[in-house]
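Please keep the sequence and the structure in view while reading.

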Amino acid sequence: MTKITNLSSEMGKQLPAELVDFMRRAGEVAAGQGQSLYLVGGVVRDLLLGRSNFDLDLVVEGDAINLAQQLVDITHGKITTHPRFNTAKLQWNKWSIDLTTARSETYAQPGALPSVKPGSLANDLFRRDFTINTMAIELVPSSYGRLIDPYGGRDDLERKFLRVLHERSFIDDATRIWRGLRYEQRLDFQLEPDTLQLLKRDIPMLDTISGDRIRYELECILREEHPEKVLRRAEELKVLPKLHPALKGDGWLTEKFGQARFSNLPLPGLYMALLAYRLTTEENEDLISRLRLPKSLAQTLRDTNSLKSRLESLADPELAPSRIYRLLYGYSQSAITANYLASSSPVAQQHIQTFLNKLRYVKPSLTGNDLQKMGIAPGPRMKEILNLLHEARLDGKVTSKKGEEEMVEGLRK
Ligand code: ATP
Ligand code: MG
């Protein structure tokens with residue numbers, strides 16, 4: 001069976017008309033300037049797989065910024081340019097399109113960012129990670145829709161194989177190891193046997209990758225529908241210990257990630273808290289610095305770790321609400337929820353729920369202002385009275401403003 005090598009009808013069916021119109025116009029404009037223009041990478045892969053993906057990456061043989069400047073009038077949107085890399089981004093309505101100038105890359109040393117110079121489409125495809133990501137579609141009118149597939153990406157899609165383009169690929173850039181596992185689990189593909197051997201051989205190269213780049217890959221994984229599958233596979237292949245030797249991608253993690261998806265918190269943060277949950281305080285700090293986690297995420301991990309040591313107290317069925325409040329107050333929601341999910345005590349879980357649903361919203365009716373009107377001067381004593389009011393409210397000892405006023409009168413005596 002001969003394969004259709006013109007994908008214009010697939011593009012028409014699977015992509016929104018607005019994007020298809022844009023690409024046709026862009027192809028015309030590029031051709032008018034004697035430049036070539038291609039749709040490349042993930043979106044081509046997903047077109048052939050019938051998966052929806054509207055993140056268009058366009059490659060220009062020529063000058064991406066110049067072309068983008070001509071196209072911005074068509075979209076009536078916004079343009080962002082990066083002259084250093086000669087790339088541009090066009091954004092309008094809900095669409096965002098990346099235009100890059102075709103380039104060739106050379107790696108001065110493993111793991112370093114490559115040095116980049118302008119090149120042909122062929123150069124540009126050769127620097128990519130897996131054959132299934134190295135296909136392109138022509139957009140200039142004379143050959144609109146024609147598939148370019150120099151590395152057999154389409155055959156690999158059919159065989160469900162992830163295959164690198166050459167045997168130094170993971171050495172040049174070991175983040176491709178993580179990318180490979182991510183695609184493997186997302187698409188339910190396999191690493192082609194030679195690629196798998198190379199991957200295993202080059203696992204030590206992960207040590208050459210900066211914290212920022214590793215964190216980025218992990219963030220991508222945590223945005224997948226089932227990140228636990230990637231982490232499980234990473235454990236199996238001994239890739240996970242490169243993130244931190246004490247991390248586990250096991251059944252526990254799978255179960256907790258599954259439960260996390262029922263929460264309405266931002267998932268990447270909660271996943272991260274669960275992934276790091278079983279680390280000691282010291283290991284947790286190692287992970288935070290290895291990944292150069294941003295402040296807020298680092299705080300979530302520290303909160304999670306510190307709250308863990310309070311779970312035992314929270315498992316006491318006799319706890320007064322004010323005590324529950326004090327045990328949980330000040331911790332980030334993701335940290336509290338991670339501990340809720342990780343706890344094996346139904347009592348502790350119940351207490352956490354009471355805190356999240358009710359206690360954290362309880363406040364006394366009287367404010368410092370009110371107390372001042374009652375003749376109490378601002379200062380430590382006022383603070384103490386406010387605390388006592390708060391506690392009494394939490395424990396249901398007072399239930400009205402009037403009750404609070406009586407309590408204050410009583411305290412003054
Ligand atoms: P996703 O669906 O996860 O976004 P994608 O294929 O669009 O997948 P991106 O990370 O958006 O992936 O990157 C776009 C393209 O750039 C990829 O298809 C791939 O060809 C190339 N690419 C990205 N990262 C690398 C890398 N580390 N090494 C080589 N090529 C890469
Ligand atoms: Mg993408």
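## Terms and basis

In the residue classes used here, Ala, Val, Leu, Ile, Met, Phe, Trp, Tyr, Cys and Pro count as nonpolar, Asp, Glu, Lys and Arg as charged, and the others, Gly among them, as polar. The model is predicted, and local features need pLDDT of at least 70, side-chain atom pairs count only at pLDDT 80 or more, and totals for chains, interfaces and linings use all residues. Residues are numbered from 1 along each chain as its sequence is written, chains are lettered from A and ligands numbered from 1 in the order in which they are written, and side-chain values use heavy atoms, with hydrogens and water left out.

Among the polar contacts (pairs of N or O atoms within 3.5 Å), a polar side-chain atom of Arg 182 lies 3.0 Å from an oxygen atom of ligand 1. The backbone takes part as well: a backbone N or O atom of Gly 42 lies 3.4 Å from a ligand oxygen atom, and a polar backbone atom of Asn 133 is 3.4 Å from an oxygen atom of ligand 1.

## The largest pocket

A pocket is found on a 1 Å grid over the protein atoms alone, as an open set of points where a 1.4 Å probe fits, with protein on both sides within 12 Å along at least five of seven lines, and its lining residues have an atom within 4 Å of a point. The largest pocket has a volume of about 1,800 Å³. Of its 46 lining residues, the closest to the centre are Asp 57, Arg 127, Arg 128, Arg 179 and Tyr 216.

The lining divides into 23 charged, 14 nonpolar and 9 polar residues, and its largest share, 6 residues, comes from α8.

About 290 Å³ of space lies in the second largest pocket. Its lining has 13 residues, of which Ser 263, Thr 337, Tyr 340, Gln 353 and Leu 356 are the closest to its centre. The elements that give two or more residues to this lining are α18 (333-342) and α19 (346-357). By class, the lining holds 7 polar, 5 nonpolar and 1 charged.

Definitions and conventions. A polar contact is a pair of N or O atoms within 3.5 Å; within protein, one must be able to donate a hydrogen and the other to accept it, and residues adjacent in sequence count only if both atoms are side-chain atoms. Grid points are joined across faces, edges and corners, and a volume is the space filled by probe spheres set on the points. Helices (H or I, at least four residues) and strands (E, at least two) are DSSP runs, numbered from the N terminus.
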